[in-house]
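Dear colleague,

I am passing on the structure we spoke of, and my notes on it come after it. Please read them with the structure open beside you.

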Amino acid sequence: MNYPVWDIPFAGSGWVIGIIAIFHVMISHFAVGGGFYLILAERKARREGREDWLDVIRTHSRFFLILTTVFGAISGVGIWFSIGLASPQSTSALIHNFVFGWAMEWCLFIVEIAAIIVYYATWDRIDAKTHMRIGWLYAGVSWCTLAIINGILTFMLTPGKAWLAVAGTGRESSEFWAAFFNPTYWPSLVLRTLTCFALAGVWALVTASRIDGFAKPELKSEVIRWSSQWLLPSFILIPGALAWYLYAVPESSRQLLQLGVGTIGSGLFTQVARAALVTTMSSATILAVVYFLAWKNPKDFGLGHALAVVFLALAATGATEHAREMIRKPFTIGQYMYSNGLRKSEIAHVNQAGFMTGSLWTSGDTGEAMFRGQCMNCHTVDGYRAMRQLLHGRDRAGISKLLGMLHDVPANSPYKNYMPPLVGTPAEITALGDYLGKLVGAAAVDPVVQGKALFEANACNACHGDGGSGGPLAPALVGVGTRLPGDKLADFLKKPSDKAAAGGMQAPKLSDDELKALMAYLNSLK
Amino acid sequence: MSSFPKSEASVDSGPMHGVYKWADERLGLTDLAAFAAHKQVPQHKHSFWYYWGGISLLCFIVQLLTGVLLLVYYRPGKEAYESVRQITYDVDFGWLVRSAHSWSANIMVFAVFVHMFSVFFMKAYKKPREFGWWTGLGLLGIVMIFGFSGYLLPMDELSYFATKVGLQLPSTLPGMGAVVNNIVRGGPSVGENTVQRFFALHVVVLPLLFMPLLGLHLALVQKHGNALPPGEAARPASERRSVPFFPNFFAMDLAMWLIALNVITILATLFPWDLGQPANALASAPVGIHPEWYFMSQFQLLKGMGLVLPGMMGEIVGMGLFTVVLIFWALMPLFDSETVAGKRGRIATWTGYLVVTGMLGLTIWGYAAL
């Protein structure tokens with residue numbers, strides 16, 4: 001834990017990124033698709049000599065300029081701030097690897113912004129041919145910004161074998177292009193490009209819906225219908241592109257997506273499938289609304305209808321991006337860095353040296369620091385994926401068992417596909433258990449009760465009788481604490497005397513904690 | 001909606017014409033189309049409330065389809081809980097179907113209540129629509145029994161105890177309480193037999209009662225058309241606007257259905273219905289057992305009466321009060337029958353306000369008192 005922790009109560013820091021990013025996706029994809037819309041609409045208008053179309057396109061370009069440059073840029077910077085705070089380790093890894101990617105992105109971005117400002121400012125001021133060239137420049141450059149950021153985004157899900165081979169060696173950037181053109185790069189680029197075109201149509205409907213249908217019924221019908229067509233390629237091709245994408249993601253990610261088809265049981269990860277369902281449904285609704293309200297009845301298509309489509313598109317994009325983020329679990333960078341910022345390669349070392357040794361920013365309670373460092377990236381105390389709710393009803397021993405499973409990651413662990421392994425020394429993990437136990441008010445286990453259960457589970461009562469009352473094969477254990485005081489009882493249980501062994505006494509196979517509990521029970525027999 | 005083809009015009013020519021003519025002679029399609037086109041839907045500032053009957057109908061269709069799918073896996077009797085557990089946690093999309101069924105049921109009850117109160121305040125129960133009002137009340141009653149009987153079917157802790165509490169009501173009936181209780185429960189306490197009975201009620205008896213009544217209700221609406229609210233009716237005919245039910249209002253109805261369907265699916269997808277622990281008659285009832293929200297006001301009325309009156313008196317008086325209000329409510333078309341607004345009309349309106357306020361107040365009180 002090399003960095004301070006960003007504590008967002010209730011929602012969790014992930015949702016701060018999520019909300020900004022979903023907003024950004026809606027606008028940035030429009031910024032790419034909308035560029036093509038503007039220039040193709042302008043070309044159509046000029047070829048057909050439609051002055052009234054040009055007026056609409058000019059209005060749309062102002063809306064486009066303000067929305068994309070102001071809100072697109074603000075939310076883009078917001079993503080940087082929030083990921084830097086929420087996942088500093090991952091952000092650092094990305095910067096180390098992709099600094100030249102971002103340099104390219106930045107250069108293209110400057111050209112993009114300049115081009116759209118010039119495009120808007122030069123309507124009627126320069127000749128049509130030059131104006132359209134600027135439009136084409138904008139469209140081309142803005143698509144290139146997508147092509148670059150797409151490389152970095154897909155890298156996080158599927159970094160690819162070549163890059164993973166050099167990861168952690170200090171020569172990561174030698175595999176820059178392999179990391180960039182990673183296994184999901186192309187399907188994702190196709191998917192996003194199609195989304196850009198669909199969103200260009202959706203946002204264009206907003207402008208078109210404001211044309212006065214009574215004064216200019218012809219114009220309104222034409223623009224609305226032409227804009228509706230922009231959704232068509234996406235709706236036809238996206239299912240295929242999505243299948244290609246899913247083919248390229250790791251098997252474990254696909255499993256995560258399927259988990260929620262059959263059940264709502266296994267914790268909150270079934271919500272990935274449910275998010276995908278929301279995408280399907282809102283997309284189908286967009287298709288129905290655009291067909292029935294925009295295509296069939298363009299003159300009556302109002303701003304309310306258009307905003308409804310925007311809202312549905314927001315639901316579809318939001319749900320899709322959410323599902324995409326979730327299938328990356330338990331990593332932020334596939335097979336390299338876990339969602340809590342720990343590198344896969346450092347797990348063994350941290351288990352030995354302790355999680356707290358590298359944590360320069362914490363003081364005070366180890367358990368709480370463990371929680372903040374390893375759990376809080378995805379969990380909150382009371383809100384989203386709340387610990388109080390998830391651990392509800394578990395006693396302290398149950399929490400220990402869960403933490404043990406998260407630490408050892410046995411093959412049958414239901415958590416291994418979504419949660420990073422819990423790391424730290426046994427003392428640190430006990431401290432975390434104590435902290436969590438206190439958080440949920442877990443009942444401390446009465447060692448005498450636990451010991452009684454162990455006494456029966458290990459069949460001690462078969463010979464010594466229920467409650468240690470004695471039997472034909474073995475003596476009563478009442479008062480055994482006085483006969484074998486202190487460590488003698490423990491020694492005896494670990495290695496029974498020869499006489500007892502000859503009589504059939506076996507050393508019970510118990511952990512240290514369990515042995516303590518059993519002794520507490522035996523000592524209580526009086 | 002000018003782009004919608006007129007039903008007759010579209011078949012005037014072309015190869016479909018022959019087919020249409022053939023079918024028309026045998027089925028009377030033109031008459032049906034004329035019947036469908038005959039109804040005009042008034043357009044005014046209260047038109048929004050006309051949609052709620054349609055939303056209720058959509059919910060019923062969703063209930064029918066999801067209900068049939070649930071029937072494929074549900075097993076009443078001993079295995080009731082286990083089969084719902086399988087539906088929720090094992091069967092692909094079983095959770096979705098079950099959640100859609102539950103959410104749609106709740107939205108349906110809500111929509112039917114909104115529909116009833118909007119009809120009431122628009123005074124749409126007056127002549128000649130009395131039977132529309134009575135069939136509607138009948139449908140509401142059946143919907144409530146649908147809800148009550150369906151709630152028990154998963155047989156988890158909550159549904160078990162809520163049903164147990166709910167079934168104590170008939171025991172307040174003078175004289176025959178025990179007998180009625182025995183018949184409904186199929187034994188001295190809620191158990192397998194109760195689930196079996198509720199199942200028969202929920203999937204056979206109630207639909208058999210509901211569907212003909214619904215058919216009559218819809219036919220009456222079609223026959224008499226939508227009522228005008230008093231304020232609108234007072235305006236001269238030349239100032240009133242209306243659209244034909246088919247296809248114009250029907251298309252808007254469909255848009256509403258699309259919205260409602262999205263709401264149901266989003267709720268079912270993002271907030272699926274979980275299943276509690278299996279019902280255990282020997283366990284103590286979980287804290288805060290309470291009926292579903294649509295029974296809360298009645299529940300709280302009885303509870304409230306119990307606070308002021310001793311023993312069973314509270315429940316009996318509460319039941320009596322409820323019955324009297326219900327009868328007055330049902331007979332409202334006969335009481336408030338004048339076509340021009342008068343004293344009785346004002347009494348009816350104030351009764352409506354009282355009932356809405358009373359139900360909301362009792363419901364809030366009920367939840368606050370949990």
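The notes below take up the contact between the chains and then the domains.

Please bear in mind throughout that this is a predicted model.

Where chains A and B meet, 17 residues of chain B are in contact with 13 residues of chain A. On the side of chain B that touches chain A, α4 (80-89) and α11 (245-270) of chain B each supply at least two residues, and the largest share, six residues, comes from α11(B). By residue class, that side of chain B is made up of nine nonpolar, five polar and three charged residues.

Turning to the domains, the assignment for chain A gives domain 1 (13-338), domain 2 (346-440) and domain 3 (447-524), and the C-alpha centres of domain 2 and domain 3 of chain A are 33 Å apart. Chain B, for its part, is divided into domain 1 (18-289) and domain 2 (295-370), with 22 Å between the C-alpha centres of these two domains of chain B.

Within chain B, 13 residues of domain 1 are in contact with 14 residues of domain 2. The side of domain 1 of chain B that touches domain 2 of chain B draws at least two residues from each of α5 (94-121) and α6 (130-152) of chain B, and α6(B) provides the largest share of that side, four residues. The residues on this side of domain 1 of chain B divide into eight nonpolar, two polar and three charged.

With best wishes

Definitions and conventions:
Residues numbered from 1 in each chain as written. Chains lettered and ligands numbered in written order. Predicted model: local features only at pLDDT ≥ 70, side-chain atom pairs only at ≥ 80, totals over all residues. Contact = placed C-beta atoms within 7 Å. Nonpolar A, V, L, I, M, F, W, Y, C, P; charged D, E, K, R; others polar. Domains from an automatic or database assignment.
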